[in-house]
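Here's a quick briefing to read with the model open in your viewer. Have a look at the fold, then work through the notes below.

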Amino acid sequence: MEATIMYDFITPLHCVRQNQPLIQCITNFVTVNDCANIILATGGSPSMSQDIREVEESVSGADALVCNLGAIDFTASMVAAGKKANQLKKPVILDPVAAGTTQLRREASRTLLEQVHFSVIRGNASEIRFLSGQQSSGSGVDVSPKDAATIDNLPDVLEMTRSLARKAGSVIVLSGALDVISDGTRSVVLHNGCPTMARITGSGCMLTALIGAFCAATPEDLFCAAVSATAAMGVCGELAEKRRLTNQTGNATFRTDLIDAMFNLTEIQLREGIHYELF
Ligand SMILES: Nc1ncnc2c1ncn2[C@@H]1O[C@H](COP(=O)(O)OP(=O)(O)O)[C@@H](O)[C@H]1O
Ligand SMILES: Cc1ncsc1CCOP(=O)(O)O
Ligand SMILES: [Mg+2]
């Protein structure tokens with residue numbers, strides 16, 4: 001008889017509120033404040049230290065580690081902290097910001113993937129295509145429209161995501177208009193979010209930080225934790241967009257409204273708002 005596959009995308013939100021995990025982030029100077037605030041909005045506690053002389057000690061007291069390649073000059077800190085977190089069996093999450101776009105980033109992402117095991121890798125379609133060894137057209141931190149997941153290329157994107165998940169032994173979150181998430185066996189496509197999320201810097205970095213908090217709170221099912229965090233981000237983007245349209249505001253207020261929506265997000269809102277397909 002085939003084993004039944006269980007999915008629970010709501011409980012991780014409950015767990016993060018209850019467990020208040022401490023998330024160690026080595027992240028970039030552009031979006032560091034937003035990452036700290038989104039972790040606080042979920043009920044977690046952020047720590048953004050990155051000096052190589054203390055990261056191993058810092059990660060020992062944390063519940064998860066988030067490594068963001070936007071902080072490329074701290075790659076050595078990410079390797080040291082990542083190895084320590086692996087030893088201590090704490091979830092480690094990678095955001096491969098602009099991974100394929102320069103020689104330095106191509107080398108740093110290879111080093112990180114060789115030396116650290118990542119529980120979850122969350123990137124946009126250009127970044128995930130690069131890590132998969134596929135042609136990637138990305139040239140900055142944002143996705144190239146040529147690489148994005150669409151309804152038309154979804155079967156290929158699902159296969160690429162599933163196969164990278166198997167190869168890396170990680171949950172892969174390929175974000176965008178469609179969020180494609182796989183652990184190599186279970187795969188989900190999320191239809192939440194709104195285009196304004198791509199008009200603020202940091203929506204990707206915040207999502208990765210959030211995944212860190214959800215994984216720390218639900219380490220027994222990292223796939224459901226990653227889906228739950230990604231859905232929560234999408235639902236909060238939709239709530240912020242409603243306010244933007246009502247109040248005729250722009251991307252600066254949208255960013256604040258998104259963080260506020262996360263602060264107030266209820267399990268009922270997530271259950272009613274999540275829009276997903278299982279594959
Ligand atoms: N066009 C869109 N429609 C809906 N949601 C989007 C869209 N673009 C981005 N998002 C959402 O924004 C967040 C960040 O994703 P993405 O833009 O892919 O990351 P990055 O900022 O790293 O490029 C995710 O939650 C994703 O679902
Ligand atoms: C603009 C920029 N430059 C280096 S890191 C960074 C932030 C990228 O954030 P996100 O990928 O979440 O938009
Ligand atoms: Mg990004």
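Let's start inside the sheet: C25 stands opposite V66 in β3. Keep in mind that this is a predicted model.

**The strand pair and its sheet**
- Strands β1 (residues 22–26) and β3 (residues 64–68) run parallel to each other, paired over 4 bridges.
- Zooming out, 9 strands make up an open sheet with mixed pairing, ordered β2-β1-β3-β4-β5-β6-β7-β8-β9.
- At the edges sit β2 (45–47) and β9 (276–278), each with a pairing on one side only.
- On average, neighbouring strands of this sheet are turned by 20° against each other, if you ignore direction.

**Helices on the sheet**
- Helix α4 (residues 75–87) packs on the sheet and touches β1, β3 and β4 (92–95), with its direction at about 155° to that of β3.
- Helix α8 (residues 203–217) lies across β1, β3, β4, β5 (120–124) and β6 (171–175), at about 160° to β3.

**Around ligand 2**
- The residues around ligand 2 include N28, V30, T31, G70, V97 and V141.
- Also around ligand 2 is a run made of T201, G202, S203, G204 and C205.
- That shell splits into 4 nonpolar and 7 polar residues, with no charged ones.

**The whole chain**
- The protein chain has 11 helices and 9 strands.
- The C-alpha trace spans about 45 × 45 × 35 Å along its principal axes.
- Of the 279 residues, 55% count as buried.
- Among contacts between residues at least 6 apart in sequence, 73% join residues at least 24 apart.

Key:
Residues are numbered from 1 along each chain as its sequence is written. Chains are lettered from A and ligands numbered from 1 in the order in which they are written. This is a predicted model: local features need pLDDT of at least 70, side-chain atom pairs count only at pLDDT 80 or more; totals for chains, interfaces and linings use all residues. Helices (H or I, at least four residues) and strands (E, at least two) are DSSP runs, numbered from the N terminus. A residue is buried if 20 or more other C-beta atoms lie within 10 Å of its own, exposed if 12 or fewer, and partly exposed in between; C-beta atoms are placed from the backbone. Two residues are in contact if their C-beta atoms, placed from the backbone, lie within 7 Å. A residue is near a molecule or strand if its C-beta atom, placed from the backbone, lies within 6 Å of it. Ala, Val, Leu, Ile, Met, Phe, Trp, Tyr, Cys and Pro count as nonpolar, Asp, Glu, Lys and Arg as charged, and the others, Gly among them, as polar. Two strands pair if DSSP finds at least two bridges between them. Axes are lines fitted to C-alpha atoms, for helices over the stretch in contact, and angles run from 0 to 180 degrees between N-to-C directions.
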